[in-house]
Amino acid sequence: MNALMHILQMTDSTFPVGTFSFSNGLETASHMGIVHDAATLEQYTRSVARQGAYSDGVAALIAHRAAKARDYDAIVEIDRRLMLFKMNDEARMMLRRMGKKLAELGEKLFPGEELFERWLADINSGATPGAYPTAQGISFALAGADEEQLFASHQYGVINMVLSAALRCVRVSHYDTQTILQRLCSEVPEIYERARTMRFEDMNCFVPEMDIFASLHEKGAMRMFMN
């Protein structure tokens, strides 16, 4: 029960890590007319979720295992190597800002835990990037949640982040986004079965269109979301 309550807390949209600040390239895709209705939004969100599953999701699982084993060096290693997968500044900034915020929260939610204290100190000194999936892995391990629960929470967060952004920049309703959320969440168990066996060397996130959207957003006129 305690682990479940922690999961609900850390998956809630009001959990203050700044997910509302980023659109994962959706703002540009919407501005260009590529995502313009519920059907195109579902296609886009599915792509974001799959990209996240086989990169950030795998990294979170590896960090979870390292945290359970109290292997701090392995945590730092996956944290650094994950950033090599991020081709655009916006993605790197998103992971760093949300990761640091979750590390700061984790230090308060799990007082006295050396993993968060040491990791936050290394983030502040620049010794490690402090990526959000790494923070998720540590948090869920300390909360007593298992890998399947962590992965489900990660995928829910990615999907919900895009759909929440869509309500501000795409012609869709809450009914549309909730329907899409339910359909995409039903696909997560199958994705998990592949992701859980992947090593760092197996990670992949090749969706070049999203990197193009992000690079355009960095210099574009759209400013609803952070860049």
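**Disulfides.** I searched the whole structure, a predicted model, for disulfides (pairs of cysteine sulfur atoms within 2.5 Å) and found 0. I then looked up Cys169: its sulfur lies 19 Å from the closest cysteine sulfur, that of Cys185, which is too far for a bond. Cys185 is likewise in no disulfide.

I took buried as under 20% relative accessible area, exposed as over 50% and partly exposed as in between, with a 1.4 Å probe and protein chains only. Cys169 is buried, at 19%. Cys185 is partly exposed, at 26%.

**Helix 3 and helix 7.** Helices are DSSP runs of H or I with at least four residues, numbered from the N terminus. I noted that the axes (lines fitted to C-alpha atoms over the stretch in contact) of helix 3, residues 38–68, and helix 7, residues 132–143, come within 7 Å and cross at roughly 40°. I recorded the crossing as right-handed, meaning that the near helix is turned clockwise from the far one by less than a right angle.

**Residues in contact.** With contact as heavy atoms within 4.5 Å, helix 3 contributes Asp56, Ala59, Ala60, Ala63, His64, Ala67 and Lys68, and helix 7 contributes Pro133, Thr134, Gly137, Ile138, Phe140 and Ala141. By class I listed 8 nonpolar, 3 polar and 2 charged residues; Asp, Glu, Lys and Arg count as charged, Ala, Val, Leu, Ile, Met, Phe, Trp, Tyr, Cys and Pro as nonpolar, and the others as polar.

**Basis.** Residues are numbered from 1 along each chain as its sequence is written, and side-chain values use heavy atoms, without hydrogens and water. Local features need pLDDT of at least 70 and side-chain atom pairs count only at pLDDT 80 or more, whereas totals for chains, interfaces and linings use all residues.

Definitions and conventions: Axes fitted to C-alpha atoms, helices over the stretch in contact; angles between N-to-C directions. Helix = DSSP H or I, 4+ residues; strand = E, 2+ residues; numbered from the N terminus.
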